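Welcome, and thanks for taking a look at this one with me. Please keep the structure open beside you while you read.

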Amino acid sequence: MRASMLLVSLAIGCTMDTALHPWNPNPDAIDGEPDPGGLDVDTSILPPDTAETDPPPQCDDQSFPAKEIPKLSECDEGGTVIGTFTPEVLWTRQSFAETPGSASCMMQPVVCSLTDDDGDGDQDAEDVPDVVFVTYSPGVLRAVSGDDGHELWAATALGTLQITGGVACGDLDGDGSVEVVAATAGGVEAFDHNGTSVWSVGTCAEHIDGISDSPGIADMDHDGLAEVIVGNCIVDAYGNVVGQGEHGWGSSLNVGSGAFAVDLDLDGALEVVTGNAAYAIDGTTLWFNGERDGYPAIGNFDDDAFGEIAVTGNASLRVQDDDGTVLCEAVIPSASSSYGGPPTVADFDADGQAEIGVAANSTYVVFERDCTVLWQVTETTDPSSGNTGSSVFDFEGDGVADVVYADEHWVWVFDGRDGSVKMQDDAHTNNTWFEYPTIADVNADGSADIVVANTPGRWGSMYGLTVFSDDDRSWQPGRRIWNQHAYSITNVEDDGGIPLYQDPNWLTYNNFRSGDLTPGVSRAWPDLFVEIEDVCSDACDWGQVTVWYTVANQGYADVTEDVLVDLWGETEVGMMHLGSKVWTADILAGAQSGSDSIELTGVPTPLLDLVVTIDGGDATAFGVVGECYEGNNTDEWNQAVCPS
């Protein structure tokens, strides 16, 4: 009885937010909590009271037993779910209402949730993501909504914003709300989720690049309060400098810095990692190998469990052990003396080992972990800085980490196996600097998107941001967060929280600047659906209706999370939310998991139809379960329940 009528299309894409769906009068019931007891409605639309002495008729108890159901082969764990690759422009934001003359963007956009879109009182992973970036000139910190790019706020800093510097976002002080930190000429400044400056540090000038630094965030001392790393200057959650290093700060001879903190040697303490040194939280040098500084990234490139460092810049690549010992090095083909952007780590060719990708001049190269060249392309155009970065993502779910790279003119996607071109799109121009494309599900539709920065230049006159998505919405689900330039999956939680103890990303995912949650692994997916089995309307005159429903899973993976079942009604005044219930039992793959009922009270008449949804309905914006298909989570009764 799965619905495909216009009525159900009203529920499709439901964000459970009255601002978007005025026919939902009770959004608080969508937070995963049961409806508190029916619907408050205008009593003028209720039927006349019957005699108080007449009790309402009682509905007979019903039960619909669990049973096996056919599984969908598309969700089969025996083979990866392969999507298509049909990129399109999702949206662009090229002009701004506030400080309109500042529209060029030549830095790394980040993605996190700043607004309470679902009305539950916080900003977290259940809200529509937002994109944060800096435009110039003058330097303006901006936030736009990920669904369509509409402006949220614009802010200027107490310090002078680096117009090509980076930003990062995360919950610095553990209060459940994300802060944004932006590089300034003298250090770093923090803003709350509304764009209000919280604190500013200007005493890091001798420890940063000063032009295009990209901050990193980590809880280095595991106290629930995060530190901000900018260059080799370490700042606590309240804006106090707690440490400063004396050697490298994660920069080449050209532009930018990108230091960050991880537990390289698995001793329980996080180190600040640069190209040639590692520091403790107080700035003490843990090791210095005497090499030239460069841009760092972390991966597992040998047979031990410790992290190794890939360092690029200055026309070269080298791989260093966790103590700084150089394991191998190579010249970046065709790179000018100071060129070579920040490295990207992934299993590009699905051979079970991590490789290293780096862009320089008009070449993109992927190196094996022993510093030999796996493949290179010479079609790119980046003579202006030669220091742009790249990101990777397995868009189709075929186990291959495809390269995403934006040069002065084109946005490229290269096949990770051999560098063959999968996308070359000119909805982008940029003079290029230290930035790279960000990959996240910015509009919360269950499919990853690509965000690139634009400036006018010799190839055209685009400004602001361009966001690409897949026309078929078949790209693999991406996270709704990408919080910093030195991004790895385990450095930030889905809601923007900073882990108290950061898991070593290289032991689980072994990638860096990658959004792949399960790269190179066949995936088994659940697929939920819900059906109305029966409705008892004998007590309509008393405003009472009982609805029996079943939930099922026709995928190949069990659902162990609690999911929300919602009932909606079509009335003379439109669609109304009537009630909710949390389904807490496991929903096993290939099974219809029995039945339950919702007893509705205060039901208006006439009640022209009923719609039931599970896990947010035919949308992904606020569901908790990733599924094979997100468009079959709704069912309609298709007949009047209380006609009059």
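The points below go through the disulfides and then the aromatic rings.

1. A word before we start: this is a predicted model. Please read every distance and angle here with that in mind.

2. Let's begin with the cysteines. Searching the whole structure turns up four disulfides. One of them joins Cys 59 to Cys 536, with an S to S distance of 1.9 Å. Cys 59 sits in the loop between α1 and β1 while Cys 536 belongs to strand β34, so this bond ties together parts 477 residues apart in sequence. The torsion about its S-S bond is about -85°, so the disulfide is left-handed.

3. Next, find Cys 328 and Cys 371, whose sulfur atoms are 2.1 Å apart in a disulfide. Here the S-S torsion is about 70°, so the bond is right-handed. Cys 328 lies in strand β22 and Cys 371 in the loop between β25 and β26, 43 residues apart. Both Cys 328 and Cys 371 are buried.

4. Another disulfide connects Cys 540 with Cys 642, S to S 1.8 Å. Cys 540 is in the loop between β34 and β35, and Cys 642 is in the segment after β40, so the bond ties together parts 102 residues apart in sequence. With a torsion of about -70°, the disulfide is left-handed. Cys 540 counts as buried at 9% relative accessibility, and Cys 642 is buried too, at 1%.

5. Now for the rings. The count comes to 16 aromatic pairs. Among them, Phe 260 and Phe 512 form a tilted pair, 5.0 Å centre to centre with 40° between the planes. This pair links strand β15, which holds Phe 260, to the loop between α2 and β34, which holds Phe 512, 252 residues apart. Phe 260 and Phe 512 are both buried.

6. Phe 395 and Trp 475 also make a tilted pair, at 4.7 Å and 55°. Phe 395 is in the loop between β27 and β28, and Trp 475 is in the loop between β33 and α2, 80 residues apart. Phe 395 and Trp 475 are buried as well.

7. Which residues do ring pairs link into a cluster? They are Tyr 364, Trp 375, Tyr 405, Trp 410, Trp 412 and Phe 414.

8. Finally, have a look at two charges over rings. The charged end of Arg 142 sits over the ring of Phe 96, 4.2 Å from its centre. That of Lys 422 sits over the ring of Phe 85, 5.1 Å from its centre.

How values were computed: Residues are numbered from 1 along each chain as its sequence is written. This is a predicted model: local features need pLDDT of at least 70, side-chain atom pairs count only at pLDDT 80 or more; totals for chains, interfaces and linings use all residues. Side-chain values use heavy atoms; hydrogens and water are left out. Rings of Phe, Tyr and Trp (its six-membered ring) pair if their centres lie within 6.5 Å; planes under 30 degrees apart count as stacked, over 60 as edge-to-face and the rest as tilted. Helices (H or I, at least four residues) and strands (E, at least two) are DSSP runs, numbered from the N terminus. Buried means under 20% relative accessible area, exposed over 50%, partly exposed in between (1.4 Å probe, protein chains only). A charge sits over a ring if NZ of Lys or CZ of Arg is within 6 Å of the ring centre and within 35 degrees of the ring normal. A disulfide is a pair of cysteine sulfur atoms within 2.5 Å.
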